[in-house]
Amino acid sequence: MRREIDEIPAALRRLLAQDAAIAAIGARLRALDPAVLVTVARGSSDHAATYVKYACEITTGRPVASLGPSIVSVYGARLRLEGQAALAISQSGRSPDIVALLAAAREGGAETFALVNAEGSPLAAAAHAVLPLQAGPERSVAATKSFVSSVAAGLAILAAWTGDAALKTALEALPDELETLPRPDWSAALPAFAGARSLFTLGRGPGFAVASEAALKCKETSVLHAEAYSGAEVLHGPVSLVEPGFPILAFMPDDAGRAGLDAIAARVAGSGAALFTVGAAGHGTMLPHARTRHPLTEPLAMLAAFYGFVETLSRERGHDPDVPRGLKKVTETL
């Protein structure tokens, strides 16, 4: 897992070198001009899809919905997606329910796209167009470099679709920016997390997608119960669980959501939480990350920093992050 985290910048360079393929998918979406985009994914890939959802909705105003795979694989629904777009994301491209859902979206009239690390996979065959993630072999069960590449691929397509030159430039700079701080020091958070039984992760917009991915990684690598909440949602009940020393990790990129999330951070800190923030805040302990030049790429740098921390946390709690208990690399659900 540590080696694959260190490979993230190189994986991003390989992905972004596919200029022609990215431009072609962007052109197809521009010509299609869908009113709605649906996503098809599970696990970490679904968190990547959530990141792309926020980015797309923020920049284009088009609604993006995550389809539940069971609506096709279990309940046999027929989809009606004429003139719309469907985006599938998967490292392996082999989960039967994900393949079936994308095929059903295509049969229902959608233009289908796949972001897949395994180019010869069944999911790639089910799509009209494929953008290979180019992350290289990922042997750790916990996805890291393939997640970052999935999000970057979605952002690159969005930039090509909308003609967003600033986002394209920011993505091109991201590998170098990550290498400026390859192993951020989060040791300040280690005692609180190593001894915890449960914790919250918080974020808004793309930061919420990163918080969701971080919570999953705590569970699967460190056997640590973690729940992700939008900053706005944590006050609607979950905050009652916060007591002195309860760890909370807030992802706070420099975007329009930061001010509101900072106010919420003040509330949970006032409840006695052991608050840690990734990004500047007026409360808690700030943890470092590589700085980027765009609000849609900054959460990825925050997540890359977290990945290194959770790999260390897993070992501190007596686990092997490369062989999480009860898990395997490819999960074939129906």
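Which residue in β9 does Phe-251 stand opposite?

Reply: The residue opposite Phe-251 is Val-278 in β9. The model is predicted, so to speak of local features pLDDT must be at least 70 and side-chain atom pairs count only at pLDDT 80 or more, while totals for chains, interfaces and linings use all residues. Residues are numbered from 1 along each chain as its sequence is written, and side-chain values use heavy atoms, without hydrogens or water.

Strand β8 covers residues 247–251 and β9 covers residues 274–278; the two run parallel and are joined by 5 bridges. Strands and helices here are DSSP runs numbered from the N terminus (E, at least two residues, for strands; H or I, at least four, for helices), and strands pair when DSSP finds at least two bridges between them.

The pair belongs to an open sheet of 5 strands, in the order β7-β6-β8-β9-β10, with parallel pairing. β7 (225–230) and β10 (285–287) are the edges; each has a single partner strand, so one side of each has no neighbour in the sheet. On average, neighbouring strands of this sheet are turned by 25° against each other, direction ignored (axes are lines fitted to C-alpha atoms, for helices over the stretch in contact; angles run from 0 to 180 degrees between N-to-C directions). Helix α11 (residues 206–222) lies across β6 (198–203), β7 and β8, and runs at about 175° to β7.

Phe-251 also matters to the count of core contacts: in the largest nonpolar core, of 75 residues, Leu-249, Phe-251 and Phe-306 touch the most other members. Such a core is a set of buried Ala, Val, Leu, Ile, Met, Phe, Trp, Tyr and Cys residues joined through side-chain atoms within 4.5 Å; buried means under 20% relative accessible area (1.4 Å probe, protein chains only). Leaving out residues up to four places away in sequence, Phe-306 touches Trp-186, Ala-214, Lys-217, Cys-218, Leu-249 and Phe-251, where contact means heavy atoms within 4.5 Å. Another core, of 20 residues, lies apart from the largest one and includes Val-40, Leu-67, Leu-79 and Ala-104.

Parallel pairing also occurs at strand β4 (residues 111–116), which 6 bridges join to β3 (residues 85–90) and 4 bridges join to β5 (residues 129–132). Phe-113 in β4 has Leu-87 opposite, and Leu-115 has Leu-131 of β5 as its bridge partner. Glu-111, Phe-113 and Leu-115 point one way from β4, Thr-112, Ala-114 and Val-116 the other way, and all are buried.

Technical notes: Buried means under 20% relative accessible area, exposed over 50%, partly exposed in between (1.4 Å probe, protein chains only).
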